[in-house]
Every structure is written in structure tokens, then in C-alpha cells.
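Here are my notes on the charged pairs, written with the model open beside me. Have a look at the structure first, then go through the points.

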Amino acid sequence: MKRTNLLPILVIVAFLAVLLALPNLLSNEYYLRLAIMSGLFILLASAHNILMKVGQLSLGPVAFYGLGAYVSAILSVRYHTPFLLAFLAAGVITAAVGWVIGKLTLKLRTAYFVLVTIGFAEFFRLVAINWTDMTNGPMGITAVPAPASWFVGYRPYYYFILLLVVLVLAALYRIEHSTIGRAMHAIRENETLGRSVGIDSYRYMMFAAVLSSFIIGLSGSFYAHFFQFVGPELLSFDLTIAIVIMVIAGGRSTLAGPVIGAILFTIIPELLRAASSYRMVIYGALLVLLMLFMPDGILPAVMTLLRRIIALVSPALQRLATSLTGKPFALPQPVESAPALANAAATMDAPRALTSLTSKDDGGLTAPNKDKLEGQKELIRVEDLSVHFGGIHAVERLSFSVEQGEIFAIIGPNGAGKTTLLNAITRLGPITSGTITFQGETLNSLQAHDVARRRLVRTFQHTSVFPHVTTNRNLVLAHNLREPAGLLPNLLRTRHYRASEVDCRIRAKEVLAFLKLEHHADTQANSLPYGNQRLLELGIAMMTNPSVLLLDEPAAGMNSTEVEMLMDLILSIRDMGVTVILVEHDMKLVMGISERILVLNYGKRIAMGHPDEIRQNEDVITAYLGRRAADATAN
Amino acid sequence: MAEFLQHLLNGLMIGGIYALMGIGLTLIFGIMNVVNFAHGEFYMLGAFGVLTLFTFMGVPYVLSLALTALFFFFFGGVIQRLILHPLRNQSVEVPMLATIGLSIFLANMALIIWDPTPKDIGLPFPLKAVQLGPISLTPIRVFVFFTALGLIVASHLFLKHTTLGTAIRATFQDREAAALMGINTNLINMVTFAWGTALAAVAGGLLGPIFQVFPTMGAATSSKSFAVVIAGGLGNFPGAILAGLLLGIAESLGAGYISSGYRDAIAFIMIIVVLIFRPTGLLGKSRRLG
Amino acid sequence: MLQLTDVDVYYGQIHALKSVSLRIEQGELVTLVGANGAGKSTTLKTISGILHPRNGRVTFFGEDIGTKSMEYIVRLGIAQCPEGRRVFPDLTVLENLRMGAYTRREKTEIKQDFDEVFSLFPILNERKHQSAGSLSGGEQQMLAIGRAMMSRPRLMMFDEPSLGLAPLLVDRMAEVISLLHERGTTILLVEQNAEMALSLADRVYVLETGKVVLEGPSQDVLHNEHVRSAYLGK
């Protein structure tokens with residue numbers, strides 16, 4: 001186990017040694033300056049990339065860069081603040097502004113978010129130009145002091161930025177491989193699904209915005225004290241573009257991508273200096289070509305290429321290795337962040353099989369309780385619920401209640417309002433009037449992730465998984481609501497954190513076994529066969545240890561064997577004490593397992609009762625099969 | 001009062017140009033879901049087109065304008081085909097970044113070809129102002145305003161009353177259903193982009209004689225047209241017209257009475273305020289054409 | 001007239017149609033039944049050219065249309081009345097119908113077809129200057145059918161015309177479809193309301209998870225045990 005870890009550590013140590021010795025290796029001060037600029041851009045690009053990790057593209061990082069630089073410069077020049085204080089103040093004030101702007105804008109998505117960030121950046125730039133009393137306007141602030149008297153030449157700056165880069169990258173690495181990084185990944189992959197398993201996407205986006213602006217603010221301060229000058233051109237759109245190109249060209253939302261991009265795009269323009277006037281022309285053309293041929297960036301493109309080469313070469317390698325050593329040769333697997341825990345999980349796995357899936361003592365939260373279960377207690381109550389979309393009354397004055405531990409089916413023709421009802425209960429969709437209560441608490445004012453955190457978890461009619469990651473990773477991403485979410489437990493890897501990691505691994509393994517998807521653990525979700533994707537959706541919901549499971553047409557697209565398996569699965573989920581609300585068209589499934597059925601048509605309840613009562617109900621037959629059929633049965 | 005009216009009329013003229021830029025941009029967004037960052041560069045190139053034809057080659061002004069429009073219609077079509085068509089299935093930021101690359105490319109190409117010094121197109125019409133009571137209007141400003149207005153009305157009529165225009169609106173509302181009608185939606189994309197490009201180029205050719213022409217003039221106008229499109233509601237045609245006129249007037253009055261330094265900030269404040277408080281735009285409904 | 005031979009269709013990695021073969025003769029009314037997700041809409045989308053088969057052939061009057069554009073296929077005379085109606089909400093009724101005739105140029109013939117649509121659905125004539133979005137669900141369905149008729153199709157495909165309609169309107173749709181059929185239009189009908197579909201159709205294909213599991217004259221299928229239990233709830 002230990003040996004697999006040694007190699008990457010050795011590489012990193014060697015790398016650091018080279019970086020430490022770099023000033024002695026470089027023949028020319030100019031190169032050292034280039035190295036400092038690369039470091040600065042690594043910070044900027046990596047910080048900007050944090051927002052990419054939650055799927056938001058900002059075109060306003062320079063607002064924070066400029067802000068950090070101006071704060072630091074003004075504090076030092078006008079108020080003679082010591083460097084370290086000015087440096088930290090730049091970070092903190094920028095982060096605070098990032099928080100405010102985030103509060104205002106992070107409800108927006110895609111192009112809307114992009115454009116509002118440009119608006120802020122340009123606004124800040126105009127303030128920098130026009131607020132001459134504070135900023136000296138277009139002249140800028142000159143004679144910003146060096147951090148200390150011994151900051152002479154480039155060397156001290158180089159070591160300072162190196163330290164900063166190492167610290168920031170280490171922190172980002174740590175965050176990436178923590179529950180926070182996973183939540184961000186889930187949001188990027190499929191925000192709606194993320195929210196429906198309890199991930200508060202807004203909170204994580206805020207976290208990303210604040211962290212990103214903090215790091216950019218610090219970088220701005222460094223800039224001010226390095227160049228000893230701050231002017232409004234620091235806020236130019238061109239600089240934003242440079243940063244964005246670094247992130248995208250390198251490979252957005254990867255850790256190494258922005259680093260590679262920053263280094264490349266600090267050096268390339270310098271090389272292009274020879275072409276002086278054509279430099280920006282080439283830059284523009286390069287961006288267009290990059291988008292056309294490598295929209296995911298250089299790093300992912302290279303990785304894909306490498307993977308292909310490995311796939312091509314590995315059979316030959318394997319044969320070679322087998323013939324040489326007599327042992328099968330395995331390619332090194334990517335090292336998981338906490339191998340010791342994986343080990344612990346593996347040893348604990350055998351005796352604990354299925355225990356966590358069935359255990360009721362789930363940290364004292366809302367896990368179903370045996371006594372209640374036997375008491376047939378009302379769990380969910382829907383009262384006088386209406387949902388209108390303009391003139392369409394999708395759900396109209398509907399009332400019913402669901403009891404603990406039952407399988408409750410909702411049926412009705414397409415367009416009867418079943419999905420709208422599920423959306424209203426899980427708060428992914430609107431409520432026009434009426435109330436929905438769960439264990440006496442009204443859900444009306446809650447958001448989707450709050451509902452999920454009360455263990456009401458749903459699946460979707462149109463298959464909804466985290467498409468670009470493996471089956472196993474899908475399950476891991478869905479574990480969020482059972483994990484510590486704070487920054488400290490994640491950075492420090494507290495006992496609670498480690499326990500939840502173990503729980504996550506065990507649980508994922510158990511869910512895989514439960515769904516009989518073990519052989520697909522490493523298959524990318526969107527290349528799973530359709531029926532298996534639907535099972536995976538069920539697994540994602542099971543990772544949260546739900547007390548109520550709401551299934552929206554789980555059998556759609558399944559063949560009859562798969563439907564039978566699904567039937568058994570739903571029954572055994574119910575036997576674990578989970579209440580199941582099932583929206584389904586497959587009558588065999590509905591009639592086969594549900595205890596009570598609610599029939600909707602035009603958003604209204606037309607019948608409710610046991611399967612046998614429903615089968616005989618005239619209104620139901622008419623609604624489902626049309627008048628002809630009703631006549632036919634009547635005759 | 002006279003001063004106020006003068007500001008108002010100047011504002012209307014600039015606003016008409018913003019609206020002309022805005023409708024092209026909003027159509028392109030509505031049909032193709034592309035935020036076109038090169039729109040300002042098409043505007044700049046349009047001005048240079050008129051400079052070349054009218055000032056350097058002596059082609060009559062109105063004919064120069066028409067030839068410029070025609071050229072950039074085809075230019076836009078080619079750009080759409082070469083750059084945006086291959087990216088049509090990518091997530092929204094990919095084509096957006098491609099147009100940013102294009103805008104950098106075009107602006108810097110122009111710097112090489114025409115050097116950065118601002119140039120005068122010269123006056124196509126007599127300078128003598130027409131006095132209307134206390135207000136004076138130069139013929140060129142009248143021409144600019146009515147040409148812009150005419151093109152906006154023509155665009156509206158085209159969308160509303162021709163088969164191709166109706167097909168564009170249909171594609172805008174439901175791309176797949178439109179294709180099921182036998183509408184070639186790729187062609188619709190191309191025509192829309194070409195048309196938006198031509199409108200932007202004409203806008204440049206119209207304002208060229210009033211201000212000066214220089215390679216980086218696109219950037220400022222570009223951001224103003226974004227403000228117009230956002231305030232009007234992304235993809236909202238009448239909204240873009242209204243927001244364009246409003247922005248023109250607000251800038252003109254703001255520069256006249258408050259401070260000319262913050263004149264350009266008005267557009268960005270408009271972007272921020274509208275997106276935060278009313279992201280569907282001033283007219284409320286985000287998707288509406290014609 | 002239309003023939004699918006061993007057609008495989010994928011949505012990304014998902015194998016949506018598995019070696020589907022079916023044929024429709026001129027003047028027939030053929031229906032596809034099956035559960036949600038069985039591949040009915042996918043079949044229609046493949047014929048319309050929204051999706052293209054990875055393997056197999058789609059031919060229309062002998063011509064391979066599997067790789068052709070949607071535009072070309074409409075011009076050949078295949079119209080689809082899509083699921084969920086998909087009328088253009090901000091266009092007027094008249095404009096919607098005009099879009100249906102987008103591929104055609106002969107003014108007099110188009111005029112005749114307008115008259116025919118209006119005689120079939122007088123309500124559309126009354127509302128011709130209203131925006132389609134302001135129509136009721138049933139009227140929108142009529143508009144969607146009228147719009148498909150406007151291309152004078154040789155083959156008309158309906159995807160779930162009864163979706164979200166009141167029983168009375170479902171019966172009305174059934175009447176309209178059989179009327180169009182009687183007038184000589186070849187029809188391919190996809191319906192979740194199996195009872196309605198079976199009562200109208202000459203022949204039936206039953207789809208399950210992307211495969212044709214049963215085919216035959218509708219009377220035979222109507223009495224098939226499997227179909228009765230799975231789709232008719234009997």
C-alpha cells in the first residue's frame with residue numbers, strides 16, 4: 001500500500017527542489033521575472049477556475065484583481081500600513097466584495113451570469129478611472145513600497161510567489177478531494193439532481209465565489225507591491241480574456257489545467273513579442289482555433305490521447321510483463337486521496353454488509369422508526385394543493401395523505417399532473433396554493449435541498465444521473481447530506497470527516513451490490529445500458545438513506561425482466577422502513593406492489609384506494625382508456 | 001429647456017444606433033443561443049468600410065453604406081459557417097469564447113491595416129444646420145436617425161410579413177418543430193447571423209461621419225449593445241429597441257447634466273441592475289420576436 | 001411505401017432502437033404501441049430524420065432516407081404531428097399553418113389546403129388571427145394536425161395525439177384520424193392510449209425496450225393475451 005504513494009511524493013519533492021533552485025539555474029533576470037509572472041497567473045487562473053468547478057463562467061475576475069491591488073496600494077501609500085496587513089486586508093476585503101456580488105448574482109446562470117460579471121468588472125474599472133481622489137484616476141498609484149527593505153531584485157518576490165502558489169494549490173487539491181470538492185463536482189455535472197440529494201448549490205457557489213475572490217485579491221496585492229504601481233489597466237477586459245484563455249486552454253475544472261495554461265500563456269505571448277504587431281492577432285486566432293478543435297482544453301485532450309495510446313499498448317505490455325515475470329502486470333491505478341481509509345473500509349466491509357442500508361440508527365436523524373412504522377402513522381399530508389402554469393391548471397385543489405411505510409402509487413394519463421405533484425412535494429417546482437406537510441412540518445417555504453435533507457428524496461422521469469463520471473462516483477457524489485460540509489473538517493480531515501468517508505465507501509459498495517451493478521462500478525454513467533441507468537438513479541437516491549423515496553416512472557424504458565427486478569427492489573426498500581411514493585404507467589408494477597393508489601386526471605383526484613377498488617372504478621377506466629373502452633366494458 | 005431638448009434629440013439618435021446594434025445581437029442570441037462578442041468589431045469594420053469607399057475611393061455615401069451592408073451580410077454568413085456552425089452543439093461558453101477570439105483577431109487586424117490614429121470620414125451632407133425653434137439639427141444627424149429607424153422598421157416588417165421572417169420566428173420558438181416543417185434551421189442560423197452582422201456594420205457606417213473612426217472603437221459600442229440586449233430581455237426584439245433608445249437618452253442626459261466621466265458607466269449599471277432585479281428584461285417576457 | 005430494415009438507433013451511448021424492422025403500405029393506417037420509453041417516439045424521429053440510424057436502412061418509395069436531412073424528408077412527403085403538439089405559440093394560427101406549407105410554392109394548391117383544414121376544423125378559421133399559444137389544448141392539437149396536413153403529405157405520422165386531452169376530444173381526434181385515413185392518407189400512429197390506437201389501425205407493431213416484439217393485424221393483437229394484460233389493463 002505504502003509503495004504506491006512514494007512515487008508521486010518523490011516527484012513532487014524533486015519538482016519543488018527544482019523550483020527552489022530555479023533562480024540559480026536561470027541565466028537571466030528576465031527569465032526569473034517570467035517565472036514570477038507565471039506564478040501570478042497560476043494563482044489567478046486557479047482561482048478563476050474555482051467558479052468553473054461549480055459550472056459558472058465569470059468574465060469579471062479583474063474586478064477582484066484590481067480591487068485587491070488598489071486596496072493594498074492605497075493602504076500602503078496613503079496610510080502606511082505594513083505590508084502583511086495590507087496584503088491580508090486586500091484578500092479579506094476582496095473576499096467580502098466577492099460575497100456581496102455573489103449574493104446578488106449567483107442566482108443567475110449561463111449567459112446571464114457571464115454578462116453580469118462583465119458589467120461589474122467594467123463598472124469597477126470606470127470607478128478606478130473616475131474616483132481620482134482615491135485612485136489618482138488614469139495616472140494610477142505610483143511608488144507602492146516593496147514588502148520589506150530586503151526585497152531587492154526578483155529573488156525575494158520569486159520565493160514569495162512560489163510559497164503562495166504552493167499553499168494555494170495544496171489547499172485547492174485538498175478541497176477538490178473532499179466533500180466540498182465532490183459537492184462542487186455534483187453541481188457542475190447535474191445541478192438539479194445535486195439539489196435533489198440535498199446539496200445546497202447556492203451555498204457552494206457562494207463558497208466558490210468567496211474563495212476565488214480571496215485568492216485573486218491576494219494576487220492583486222502581490223502585483224501592486226511587485227510592480228510598485230497600480231493603474232486602471234489592471235481592470236481591462238483583455239486581462240480577463242488572458243485569464244480565461246489560460247483556464248480554458250489548460251482544461252477547466254481540473255487542478256493542473258489552469259497551471260499548465262497559465263505557464264503556456266505567460267510564455268507564448270513573450271515568444272510572440274518578435275512578431276510584435278501580429279501578437280494579438282495570433283492570440284485571437286489561437287482562441288478561435290482552440291474552441292474549434294480543443295474546447296475542453298489541452299490537458300483533457302492530452303489525457304485522452306494518452307489513454308488511447310495506453311489502451312493500444314497495454315495488451316502488448318501485459319504480454320511482455322507476464323512473459324518476463326510470470327505475473328500479470330497491472331497498470332498503476334489513480335491513487336485515491338485516503339488509501340488508508342479505503343483499506344479500513346475494505347476490512348470492515350465483510351461483516352458489515354448491508355448493515356448501513358438497513359440500519360435505523362442513522363445519527364439520530366429522521367430515519368424511520370420501527371414503532372411509528374407499525375402504527376401506520378400519517379407521514380405526508382397534501383392539503384388543497386393547486387399548481388397553475390399561466391392558464392393551465394396542472395394540479396387543482398388536491399388533498400391526500402401518505403402513511404408511513406406504505407407503497408403509495410400515483411397514476412393517471414400523461415399530462416394528468418403527476419410529475420408536477422412530485423415537483424411540488426420535493427420543492428423543485430412551484431406551489432400556487434395549498435400546503436404540503438411532512439411529519440407535521442410544512443414544506444412550502446423550503447428549498448429542494450432542504451427537503452432532501454429531511455430525507456424526502458426523488459428520482460426523475462427523464463433519466464437523471466451525473467453523466468460524465470463512473471457509476472461508483474455517481475453514488476459517492478450523492479452521499480453529500482451525510483457528510484460534514486464545513487471547510488475546517490474538510491481541510492483538517494477530522495474524525496467525523498474520516499468516519500463519513502468510511503461510511504460513504506461502504507455504503508456505495510452496498511448500494512452497488514443491492515442493485516447488482518458491481519460489474520459496472522467503473523463504467524461512465526452515460527454509457528450504461530438504459531435500464532442500468534435507471535437503477536443507478538435509484539442507487540443515487542438510496543445513498544442518502546431516505547425515509548421517503550419518490551420515484552417518477554422508474555420502469556419507463558425497462559424490459560420485463562428489469563421491471564420484475566425493480567419490483568423486488570422497491571419491495572425490499574420498503575421493507576427497510578422507507579415509505580415509497582411511486583408514479584408509474586406500468587400497470588403490472590403498480591397493481592403488483594402498491595398498497596394504495598391515487599388516480600389523477602386533469603390535476604384532480606378521480607379515485608383513491610386499494611388496487612382492486614381502482615381496477616373496478618368506472619371513472620378510472622374512462623380516463624385511462626377513453627370513452628370507447630368504457631362503452632366496451634359496459635356492454 | 002432648449003438644452004434639454006437638444007440632449008434628448010442627440011440621445012435619440014445615438015439610441016437609434018444602439019437599438020440597431022441591439023436587435024442584431026438579440027436575434028443572434030435568440031436564434032442561436034450565441035452571445036456574440038464580435039458584434040462591436042463588425043460595427044467598427046462597417047465604419048472602416050464606409051471610410052474606404054466614401055473617403056478614399058469617392059463612392060457616394062449612401063451607396064458606400066449599401067455596399068458595406070451587402071459585403072458584411074456575406075462576411076457574417078461566412079463567419080457563422082466557419083466558426084459558429086461547428087460549435088452549435090457545445091455548451092454556451094464555447095461559442096462565446098470563440099467570438100471573443102474573433103473580436104480580438106478583427107480589432108488587431110484593423111490596427112495593423114489602418115493604424116490606431118482616429119480618422120475622419122468627412123461630411124457626406126452639407127454642414128448647415130436646420131433650425132427648429134431653439135434646436136438645431138444637422139442633416140447628417142437627421143439622416144442617421146431616420147436610416148436607423150427605417151432599418152429597424154424594415155427588420156420588423158421582414159420578420160412579421162415574409163415567409164422567411166416567419167420561419168425565423170418559428171425557429172426561435174421551437175427549433176425542432178420548425179425543422180419538422182421542412183425549415184432548414186442551419187440556413188436560418190446563417191441568415192440571422194449575416195443579417196445581424198450587416199446591421200452592425202451599417203450602424204458603424206452611420207455613426208462614422210459624426211464621430212471618428214479607429215480600430216478599437218468597437219469595444220465600447222459592443223458593451224453598450226450588451227446592455228441594450230440585457231435590458232430588453234435576451235432574445236426580445238421590441239425590448240432591444242426600447243432599451244436602445246432609453247440608453248441613448250440616459251447617456252446623453254447623464255453626460256450633459258451629471259458627469260461625462262461616468263457616461264460609459266450607465267450601460268454597465270443598467271446591465272447589473274436589470275440582471276439582478278429583472279433578469280427577463282424591461283418588458284418582462286424574455287422570448288419574443290417581431 | 002415506407003420500410004425500416006434492421007434499424008439501430010442510439011441516443012449517445014444508449015441503444016434506443018434495436019434492429020427494428022417495419023413496413024407501411026400505401027393507404028394503410030399502422031400503429032405503434034408500447035410503454036413509455038419503448039422507442040415509439042424514437043422510431044418516428046428516425047423516420048423524420050431528427051435521429052439517424054447507426055445501422056440498417058430506412059427507405060421511402062425505395063429511396064434511402066436514413067441519412068437525409070429533415071428538410072429533404074418533409075419535401076418527399078412525410079409529415080409529423082409531434083408529441084405535445086409543439087405549435088409555435090407566438091405565431092398566429094394562420095402563420096402556423098403557413099409554416100406547415102413552408103416547402104411548397106404553388107399558391108392555388110396551398111389555398112385549397114387552407115380551405116380543407118378550415119372545413120375540417122372550423123374553429124381554426126374563427127381563431128386564425130389569434131396566437132397559437134392562446135388556444136386551448138384541443139384546439140392546439142387540431143392546429144398541429146392542420147399544420148401537418150398543409151405539407152400535403154403522402155405519409156402522416158402522429159405522436160400521441162390524445163396526450164393531455166379530455167375523453168371527448170380524444171374521441172374527436174380518433175374521428176379526424178380515421179377521416180384522414182378514409183381520404184387516402186397513409187398514417188403511422190403512435191399512441192399510448194392503446195385501445196384507441198387498436199380500434200383505428202389496420203396493423204399494429206408492439207414495441208418493448210426498443211424491439212418489435214409483436215406485429216400483426218389489429219384484431220389479432222387486440223386478442224393477444226400479453227397485449228391485453230400489458231397495455232389494456234385486462
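1. Let's start at a chain boundary. In this predicted model, B:D174 makes a salt bridge with C:R86, and their closest N and O atoms sit 2.6 Å apart. B:D174 belongs to the loop between α6 (163-173) and α7 (175-180) of chain B, while C:R86 is in the loop between β6 (78-81) and α3 (93-100) of chain C, so this pair joins two chains.

2. How accessible are the two partners? B:D174 has a relative accessible area of 12%, so it falls under the 20% cut-off and counts as buried. C:R86 is partly exposed, at 27%.

3. Now for a pair within chain A. A:K53 and A:E176 form a salt bridge with 2.4 Å between the closest N and O atoms. The two are 123 residues apart and link distant parts of the chain: A:K53 is in helix α2 (residues 29-53) and A:E176 in helix α7 (residues 155-176). Here A:K53 is buried, with a relative accessible area of 9%, whereas A:E176 is partly exposed at 27%.

4. Over in chain C, C:R23 pairs with C:E25 in a salt bridge, the closest N and O atoms being 3.3 Å apart. C:R23 is partly exposed, with 33% relative accessible area, and C:E25 also counts as partly exposed, at 35%.

5. Chain C has a network to look at too: C:R104, C:E106, C:E109, C:D113 and C:R152 are joined into one by salt bridges that share partners.

6. And how many salt bridges turn up over all chains? A search of the whole structure gives 37.

How values were computed:
Residues are numbered from 1 along each chain as its sequence is written. Chains are lettered from A and ligands numbered from 1 in the order in which they are written. This is a predicted model: local features need pLDDT of at least 70, side-chain atom pairs count only at pLDDT 80 or more; totals for chains, interfaces and linings use all residues. Side-chain values use heavy atoms; hydrogens and water are left out. A salt bridge is a side-chain nitrogen of Lys or Arg within 4 Å of a carboxyl oxygen of Asp or Glu. Helices (H or I, at least four residues) and strands (E, at least two) are DSSP runs, numbered from the N terminus. Buried means under 20% relative accessible area, exposed over 50%, partly exposed in between (1.4 Å probe, protein chains only).
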